[in-house]
Structures are given as structure tokens and as C-alpha cells.
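Here is a short tour of one protein model, written for someone new to reading structures. Keep the picture open while you read, and look for each residue as it comes up.

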Amino acid sequence: MSSTEPQPQIHIGEVSGSTFAIGSHAEARSYHGTGAAPDQATDDLLTALRELRAELSRAEPTDGSADLDAALADAEDEITRTGSAGEGRLRRLRALLGDAVAVSAVAASAATVAAQLGM
């Protein structure tokens, strides 16, 4: 553009709670706040998820522990972002935990039998 041609001008007044981009390669992204604060039950669940993940990280890895850890991490992330976890995610956690509890019960029973056998 030559100096005699009119230059494009943009005037922006007060802007609040809006997202916009200007220019041929501009990109607008909007991140307004976070999800709702979790209630006490959800907060307790979040604490329990974190504690179980910490315990899993210290335990001997099993076939299902990676899947369980991933599901726990996904639930933790969803609760942190939105304030709650969806029913589908909770259903998957219940199934994975059911499997883990069954394996844990068998392992505990095997340890008891081994102790009784003097192993």
C-alpha cells in the first residue's frame, strides 16, 4: 500500500466475555472459566480417585492396572474440568473396579493360603 491509500482501521470499544480474531491468519480460542465446583460427594470421589491412582503407581503392574489407571485419570480430568463425571465414565470405572476387586480378593486369599502353608 502506498502512503496515500487509506489504511484499514479497527476501533474496539469495551469488550467483555467475547472472543474474536482479526486478520487473515488470526485464530480465536475461548476459555471462559471452569466447570461448576464439585459438591462434597464429588470432591470426596476426586480425592479417592487420586489416592487409588497413587496406590496403583506403587503396586506391581497387572494386566488391568493400566486400564484402571487410565479410567481413573479420565474421571479425575473430567471432574476437574466440569465439576462432575458422566454416567458412562462412572459405569466403566465400576466395571474395572469390580474386576480389580475380584482379582484382589483372589490374591488376598492366595496369600492367606500361602501363609498357612508356611510359604
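Counting every side-chain nitrogen of Lys or Arg within 4 Å of a carboxyl oxygen of Asp or Glu as a salt bridge, the total comes to 7. This is a predicted model, so a few ground rules apply: local features need pLDDT of at least 70, side-chain atom pairs count only at pLDDT 80 or more, and totals for chains, interfaces and linings use all residues. Residues are numbered from 1 along each chain as its sequence is written, and side-chain values use heavy atoms, with hydrogens and water left out.

Before going through some of those pairs, let's get the layout. The protein chain has 3 helices and 0 strands, and from the N terminus on its elements run α-α-α. Helices (H or I, at least four residues) and strands (E, at least two) are DSSP runs, numbered from the N terminus.

| Pair | N to O distance |
|---|---|
| R53 and D69 | 2.8 Å |
| R53 and E76 | 3.4 Å |
| E78 and R89 | 2.3 Å |

Start with R53, which shows up in two rows. The R53 and D69 salt bridge links distant parts of the chain, with R53 in helix 1 and D69 in helix 2, 16 residues apart. R53 also meets E76 in a salt bridge. Since R53 lies in helix 1 and E76 in helix 2, this pair ties together parts that are 23 residues apart in sequence.

Are these side chains buried or exposed? Buried means under 20% relative accessible area, exposed means over 50%, and partly exposed is in between (1.4 Å probe, protein chains only). R53 counts as partly exposed because its relative accessibility is 26%, and D69 is partly exposed at 26% as well. E76 has 16% relative accessibility, so E76 counts as buried.

Now for the E78 and R89 salt bridge. This pair also links distant parts of the chain: E78 is in helix 2 and R89 in helix 3, 11 residues apart. E78 counts as buried because its relative accessibility is 15%, while R89 is partly exposed, with a relative accessible area of 30%. Salt bridges that share partners also join R50, R53, D69 and E76 into one network.

Next, the greasy part. In soluble globular proteins, nonpolar side chains tend to be buried together. A nonpolar core is a set of buried Ala, Val, Leu, Ile, Met, Phe, Trp, Tyr and Cys residues joined through side-chain atoms within 4.5 Å. The largest one here has 11 residues in all: L46, L49, L68, A71, L72, A75, I79, A85, L90, L93 and L96. Helix 1, helix 2 and helix 3 are the elements that give two or more residues to this core. Which helix gives the largest share of this core? That is helix 2, with 5 residues.

Contact means heavy atoms within 4.5 Å, and, leaving aside neighbours within four places in sequence, L96 is in contact with D67, L68 and A71. Another residue to look up is T42 in helix 1. T42 counts as buried because its relative accessibility is 15%. With the sequence neighbours within four places set aside, T42 touches I79, G83 and S84.

The expected span of a helix is 1.5 Å times one less than its number of residues. For the 30 residues of helix 3 (residues 87-116), that rule says 44 Å, and the end C-alpha atoms are 43 Å apart, which agrees. Just after helix 3, G118 takes a positive phi of about 80°.

Finally, the chain as a whole. Of its 119 residues, 14% count as buried. Among contacts between residues at least 6 apart in sequence, 44% join residues at least 24 apart. As for the predictor's confidence in each residue (pLDDT, from 0 to 100), the chain averages 79, and 80% of the residues score at least 70. Among the elements, helix 3 has the lowest mean pLDDT (82) and helix 2 the highest (90).
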